[in-house]
Amino acid sequence: MTHIQPFAGFGLGLRRPHYHHFLEEEVDVDFVEVISENFMVDGGKPLAVLDAVRGKHDVMLHGVSLSPGSAHGVDRDYLIRLKAIAERIEPRWISDHLCWTRSSAHNSHDLLPLPYTTEALDVICENVMIAQDVLQRPLLLENPSSYMTFPQDEMDEWEFLAEVTRRTGCYLLLDVNNVYVSAHNHGFNARTYVDGLPLDRVRQIHLAGHTPGEIAIDTHDREVCGGVWDLLAYVLTRTGPAAVMIERDDAIPPLAELLDELAIARRIAAEARQEAVAA
Amino acid sequence: MTLARQQSRFIAGLMSDDAPLPEDWQARERAGYEIYRSAYRARLIEALRETYPRTARLAGEDAFHAAAAHHLISHPPRSWTLDDAGQGFAQTLEALFPDDPDVAELAWIEWAMQAAFTARDAVPFDGTAMVAATAAFDDRAWQDLRLAFMPGLAVRRVRHNASALWNRLGEDAGDEDIALARSLPALPEMRGCVIWREGLKATFTTVNAAEAQALTAMKAGTGYGAACDMLTDLLGEEQALRMAGEMLARWLAHGWIENILSQIPVDTAQGTVRKGCNLTVRNSLPG
């Protein structure tokens, strides 16, 4: 399986209200990330837009329907379609989530939590290996935000994710907001989570806003909060170079606002590099 | 309990409040699970609203919400793409709103427009290519002519003014527009609604019911001769002869035809050849 070279860039998720900026202007980003499923279509405007954007920017494919944690196996038709779009646009990499979305009969269209058991570990490792074999490349797996854990959990999420990485050779997309949200919801220390991961496998970092509350919800509908910026600084002093981006999926503001937010990430990354050099 | 069984139960619980939750779940697990349960419903109903915005305005928000919830129970999503969650919704609405067939008709249009929007890219067959391809056709070859239509092209008969409904119920529709759309009377006679993609834009037009029937039949693989017979049965020979050529010319002009599927070798020794269709077509073809 091919090695994925680190890429230290700053990007945004490509969302419909901003298409015209990316098509008609020069947007100051190093890459864009697209939701794979939105472009796994037969033809028409979505593919025309993606082709045009790819002509100007590096693209990462980020999926939500691989369902690698599904005990019913991976959907090979889905994988074939994903492979087709990957061959068309040659993304820098393909990512999905440490989760499951469907049973044998039905699809929840949500990133559902896994029990962190040895059985689930075997299932997800087998599915990731199959996916990587079909796609002929290693995947990046993203840590999810979650709202519940299971009584039968045998290990912590970071231990589970680290073991998936070790067994399958996949890389990590570290969503700093998801660590922050899950730490709040399940009462663990976010830095303990980060420290428990094989940080040399992190190739991409997601940043997003969430709705605070007794149970915090990963809504992607507001700016990144101070606690997540602090955690990003902690992460970036420990990882190697990584591609950092802002995810906004609801209440999408003008592009300029997201670029301002991305500038904060650039500044934090520059400071982290200086700190690493000084150390 | 195996992971497979656990996941099946987890999803069953998202879809039904009555599904039992594991006994070893305490208040904390149940509170977290409720978030997944409400997110599942909200996300899917929102997906239907995004696919069917005009239908939602026509039916009214409460009625649409109830219909969408009903549809998700009777047709829980199976596909990996959220876009498919609205599959079959027009049929659900047909059953739920038997006295308001315009609701289901509009839903069918919105669904077909979405399908056309992302259909496979193809280059339409133009009039010049058609003239060249059929230059040597005799009556038998015209009879046997079959057509491949552009990906995403869809047709059905409608009882309501599709254009008026569509235009009244756009994104900027106010209460008055919606009220006017709801009060539109049924058409004096059935029409056909045809949906296709022009370049990157999905669009639709209406045709008379006989043409819709011929188009439906040819889309299903019927030959041109049999489609002409159908027109003759519906309209009488004189009108059918005129329409057969006009309709083929219109299909070409709109870019509905992707290719000629088959040109069966001419064998004049077999069967009876119907007269007329070929000349009418030749006189009507563009280019």
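Of the 287 residues of chain B, 38% count as buried. That is our way into this structure, which is a predicted model.

Chain B contains 14 helices and five strands. How does its radius of gyration compare with the globule rule? The chain has 24 Å, while the rule gives 19 Å for 287 residues. The value is well over the rule, so chain B is more spread out than a compact globule. Its C-alpha trace covers about 80 × 50 × 30 Å along the principal axes. Now look at the contacts in chain B with a separation of 6 or more. Residues 24 or more positions apart account for 72% of them.

Next come strands of chain B. Three of them form an open sheet, in the order β2-β3-β4, with antiparallel pairing. Which strands lie at the edges? They are β2 (154–158) and β4 (201–208) of chain B, and each pairs on one side only. Neighbouring strands of this sheet are turned against each other by 25 degrees on average, ignoring direction. Take one pair in detail. β2(B) meets β3 (residues 191–198) of chain B over five bridges, in the antiparallel sense.

Now turn to a helix, α2(B). The helix has 25 residues. From its first C-alpha to its last, α2(B) reaches 36 Å. That is close to the 36 Å expected at 1.5 Å a residue. Which residues of α2(B) are buried? They are G32(B), Y36(B), R37(B), Y40(B), L44(B), A47(B), L48(B) and T51(B). What covers them? The cover includes α1, α4 (61–74), α5 (89–96) and α6 (101–117) of chain B. It also includes an element of the other chain, β6 (107–112) of chain A.

That brings us to chain A. Its secondary structure comes to nine helices and 10 strands. A compact globule of 279 residues would have a radius of gyration near 19 Å. Chain A has 18 Å, so it agrees with that rule. The C-alpha trace of chain A spans about 50 × 45 × 35 Å along its principal axes. Of its 279 residues, 47% count as buried. Among contacts in chain A between residues at least 6 apart in sequence, 78% join residues at least 24 apart.

How are the strands of chain A arranged? Eight of them close into a barrel. From one strand to the next, the twist averages 25 degrees.

Two loop residues of chain A deserve a stop. S67(A) lies in the loop between β3 (58–62) and α3 (76–89) of chain A. Its phi is near 55 degrees, a positive value in a residue other than glycine. Is S67(A) buried or exposed? It has 29 C-beta neighbours inside 10 Å, so it counts as buried. The second residue is E90(A), in the loop between α3 and β4 (94–97) of chain A. Phi of E90(A) is also positive, at about 50 degrees, although E90(A) is not a glycine. Why does E90(A) count as exposed? Because it has 10 C-beta neighbours inside 10 Å.

How many residues meet across the boundary? On the chain B side there are 34, in contact with 32 residues of chain A. Two elements of chain B give two or more residues to this side: α1 (3–15) and α2 (27–51). The largest share, 10 residues, comes from α2(B). This is the helix whose buried residues have β6 of chain A as part of their cover. What kinds of residue make up the side of chain B that touches chain A? It divides into 20 nonpolar, seven polar and seven charged residues.

Methods: Residues are numbered from 1 along each chain as its sequence is written. Chains are lettered from A and ligands numbered from 1 in the order in which they are written. This is a predicted model: local features need pLDDT of at least 70, side-chain atom pairs count only at pLDDT 80 or more; totals for chains, interfaces and linings use all residues. Two residues are in contact if their C-beta atoms, placed from the backbone, lie within 7 Å. Helices (H or I, at least four residues) and strands (E, at least two) are DSSP runs, numbered from the N terminus. Ala, Val, Leu, Ile, Met, Phe, Trp, Tyr, Cys and Pro count as nonpolar, Asp, Glu, Lys and Arg as charged, and the others, Gly among them, as polar. A residue is buried if 20 or more other C-beta atoms lie within 10 Å of its own, exposed if 12 or fewer, and partly exposed in between; C-beta atoms are placed from the backbone. Two strands pair if DSSP finds at least two bridges between them. Axes are lines fitted to C-alpha atoms, for helices over the stretch in contact, and angles run from 0 to 180 degrees between N-to-C directions. The radius of gyration is taken over C-alpha atoms; the globule rule is 2.2 Å times the number of residues to the power 0.38. The expected span of a helix is 1.5 Å times one less than its number of residues.
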